[in-house]
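Hi everyone, thanks for making time today. I'd like to walk you through one structure, so please have a look at the screen first.

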Amino acid sequence: MIQKRKTGATNTLNYAIKILAVIKKDVQAEYRARYAVNSVLLFCVTSLAVVSFSLGGTVKDPGIQASLLWVILFFSAMMGLSRAFIKEQDRGTMNTLRLVCEPGQVFIGKMMMNFILLVVVMLIVTPLFIVLMNIQNIHVGYFASVMVLSAAGLSAVCTLLSAVVAQARARGTLFPVLAFPVLIPVFMVAVKATEKAISEPSPWANSQMLVFLGCYAVVSVIGGSYLFEYVFTE
Amino acid sequence: MAYIGLLISFLWMAGVLAGAFYFSPSAEILGETSRIIYFHVPVAWICVLAFCMSFWFSISYLRTRRAELDVNAEVTARLGLWFCILATITGAVFAKSAWGMYWNWDPREVSITVILLVYMAYFGLRSSVPDPERRMKLSAVYSIMAFVLMPFLIFVVPWIYSSLHPDTIINVQGENKLLDGRMRMVFFFSLAGFTFVYLWMYRISARIEKLVRRKEGWNV
């Protein structure tokens, strides 16, 4: 029997198709139930309302505005991104995933889904925040790069930790406790860079912050996909 | 043999105490409060050492899946947590007397607090996974991930917070201005002494923990 030798290109293609299948499945499930999107968006909008009503436009300092925005985004991420694997565990579909896909494919698929979710949340929260906080001179390009790069790092770390807490008890409270110490570097730099984006006329002078966020994202994706194998396989 | 080692480290630490309070002079600017360097810095060093050892044992556990390596990782993390608390408290005491407040948002204070949070999260994770094999695996993964992302923290904190920590004042362009010969001697003796004490505590706790797990039916 002659077996066709798979070339490198078809291997990569198959790998990408599996990743896309994981994303597609999650997007479809999300579209049908709208569980994560609904709960996360409602949470975001509520906390945004709490912050802006309690302050009532009195805060003019860009440093405080940036920190408030990131506190809202952090807790929204904690709510939404932890669900990636918890819902699989609860429905008992984790073993199906194990059968169908390789760990790396599941990790990258879930991470991209989390990334999409986070970007959607940011797209809705940040314009509202800018309007409510009355922020005038904002540098859109720099601001958007900060958001996207931080979202990449956040989603990689949260995907790994979501798989970790899915196998533990008291997940809802455990997840932010585990995630915060690991995410502190992103959090601090993102707050500083957001402050620059809404206060300085030419924030690109601080492009080393973007490089930092990018490096963090790359390291967390590599580390996460390597460690995920140990978490995922029984 | 173990008793001789214990005796030596006991005498050594007694010598460090005497050296710290009688032999060494006080530093020029900081005055008598500078003597905390012989206790605070070694404790902080043990905290970092324990963090590294925990990382190393976690990697070895994931590679070999031998339960005793998980025992080692847990024990060294537990000691690290205690030393981390000690380092935070001694640092806060020094900060009060040198800078006027217990908490100053100094880069070192921020970094040590993050390590403290990592340790606490590690034990939070351990206590909430009932199945032992899973507990070992997941806590090892968390410990490795936290260690891998820690360099970012050390890199980023000085950007955000400015420092009053003595070593930035002492080590001006690599030359030690304040530590004279006797101070440096006591300091390194203390560093070695604390490392001995830590290794001794580590060995004893690892033995106890292994006995406990053997009683629970584990082959460690």
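Let's start where helix 2 and helix 7 of chain B meet. On the helix 2 side of chain B we have Ile37(B), Tyr38(B), Pro42(B), Val43(B), Trp45(B) and Ile46(B), and they touch Val186(B), Phe187(B), Ser190(B), Leu191(B), Phe194(B), Thr195(B) and Tyr198(B) of helix 7 of chain B. In contact here means C-beta atoms, placed from the backbone, within 7 Å. Helices are DSSP runs of H or I, at least four residues, and strands are E runs of at least two, numbered from the N terminus.

By class, this contact has 11 nonpolar, 2 polar and no charged residues. Nonpolar covers Ala, Val, Leu, Ile, Met, Phe, Trp, Tyr, Cys and Pro; charged covers Asp, Glu, Lys and Arg; the others, Gly among them, are polar.

A word on the source: this is a predicted model, where local features need pLDDT of at least 70 and side-chain atom pairs count only at pLDDT 80 or more, while totals for chains, interfaces and linings use all residues. Residues are numbered from 1 along each chain as its sequence is written, and chains are lettered from A and ligands numbered from 1 in the order in which they are written.

Back to our pair: helix 2 (residues 37-64) and helix 7 (residues 181-215) of chain B pack at about 45 degrees, with axes 9 Å apart. Axes are lines fitted to C-alpha atoms, for helices over the stretch in contact, with angles from 0 to 180 degrees between N-to-C directions. That makes helix 2 of chain B oblique to helix 7 of chain B; under 35 degrees would be roughly parallel, over 145 roughly antiparallel, 65 to 115 roughly perpendicular, and the rest is oblique.

Now a second pair. Helix 3 (residues 67-99) and helix 5 (residues 132-160) of chain B have axes that come within 11 Å and cross at roughly 50 degrees, so helix 3 and helix 5 of chain B are oblique to each other too. Ala67(B), Asp70(B) and Ala73(B) of helix 3 of chain B make this contact with Met136(B), Ala140(B) and Ser143(B) of helix 5 of chain B.

And between the chains? The contact takes 25 residues from chain A and 24 residues from chain B. Helix 8 of chain A gives the largest share of the chain A side, 11 residues. By class, that side has 20 nonpolar, 3 polar and 2 charged residues.

Finally, chain A itself has 9 helices and 0 strands.

Definitions and conventions: Two residues are in contact if their C-beta atoms, placed from the backbone, lie within 7 Å.
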